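Here is my note on the model. Please read it with the structure open.

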Amino acid sequence: MILPGLDVPLGAIWCVGRNYAAHARELGNEVPSEPVVFLKPAGAALLSGGTLRPPADSARVDHEVELVAARAADGSLRMAVGIDFTARDVQDRLKAKGLPWTLAKARRGFAAFGPFVPARLPAELSLSVNGAVRQRGTTADMLWPVERLIAYLDETFGLGSGDVVFTGTPPGVGPVAPGDRLEASLGGGLSRLSLRVAER
Ligand code: ZN
């Protein structure tokens, strides 16, 4: 699969949690001393214009608007707006048992992408649901800036061609409901994403 605006096939989908102190606090988490890293499979990818179908075993799927970073074939940095969907009730159960987050984070459609564009940082992020703004932030508030995160992931795991990195969410995460329309934007509209949540 080739994501719009990227000239290499999609590789791994890396995700970083708790990269904005204000969001870590709103979920009652400590601000970590090193990045919290998890992965989603390629099958989680959902493109703008698509429909999210929340899984039947979750009563609460949250939106997390994020900058997604990737390298083009020429090595230049690209960015896209993305939504890291999270089955929060499932995640809370997993966290309580000390289990991995895969069932809460890696589901079908849980990695949504707008088109990739040449990176211009810092960039504003926003997400609205049915026209009402729910999340607004700036990548200037990241605890680990994009280039540092990429360097960390490359050094620790080895980034490959087509790998993309969800870089964490600013505060304001909340649940989606059947029939909702989501609009997300990065860099004042440089990358935009619109999705619908399926009726149950
Ligand atoms: Zn996230």
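Which residues have the most contacts inside the largest nonpolar core? The points below start there.

1. Basis. This is a predicted model, so local features need pLDDT of at least 70, side-chain atom pairs count only at pLDDT 80 or more, and totals for chains, interfaces and linings use all residues. Residues are numbered from 1 along each chain as its sequence is written, and side-chain values use heavy atoms, with hydrogens and water left out.

2. Main core. I83 and F85 have the most contacts inside the largest nonpolar core, which has 33 residues. A nonpolar core is a set of buried Ala, Val, Leu, Ile, Met, Phe, Trp, Tyr and Cys residues joined through side-chain atoms within 4.5 Å. Buried means under 20% relative accessible area, exposed over 50%, partly exposed in between (1.4 Å probe, protein chains only). Elements giving two or more residues include β6, β7, α2 (88-97), α4 and β16 (191-197). Strand β7 gives the most, with four residues. Helices (H or I, at least four residues) and strands (E, at least two) are DSSP runs, numbered from the N terminus.

3. Second core. A separate core has 18 residues. L6, L10, F38 and W101 are among them.

4. Zinc site. The protein donors are E64 (OE), E66 (OE) and D84 (OD), at 2.0 to 2.1 Å from the zinc ion. Their spacing along the chain is E-x1-E-x17-D. E64 sits in the loop between β5 (61-63) and β6 (65-71), while D84 is in β7 (residues 77-84), 20 residues apart. Both E64 and D84 are buried. Donors are N, O and S atoms within 2.8 Å of the metal (3.2 Å for Na, K and Ca); water is not among the atoms, so sites may look incomplete.

5. K40. This lysine is found in strand β2. K40 is buried, with a relative accessible area of 5%. Its side chain makes a polar contact with the side chain of D84 (2.6 Å). The K40 side chain also reaches the backbone oxygen of F110 at 2.9 Å. A polar contact is a pair of N or O atoms within 3.5 Å; within protein, one must be able to donate a hydrogen and the other to accept it, and residues adjacent in sequence count only if both atoms are side-chain atoms.

6. Helix α4. In α4 (residues 146-156), V146, L149, I150 and L153 are buried. They cover an arc of only 95° around the axis, so they lie on the same side of α4. The arc is that of the directions from the helix axis to the C-beta atoms. Just after α4, G158 takes a positive phi of about 85°.
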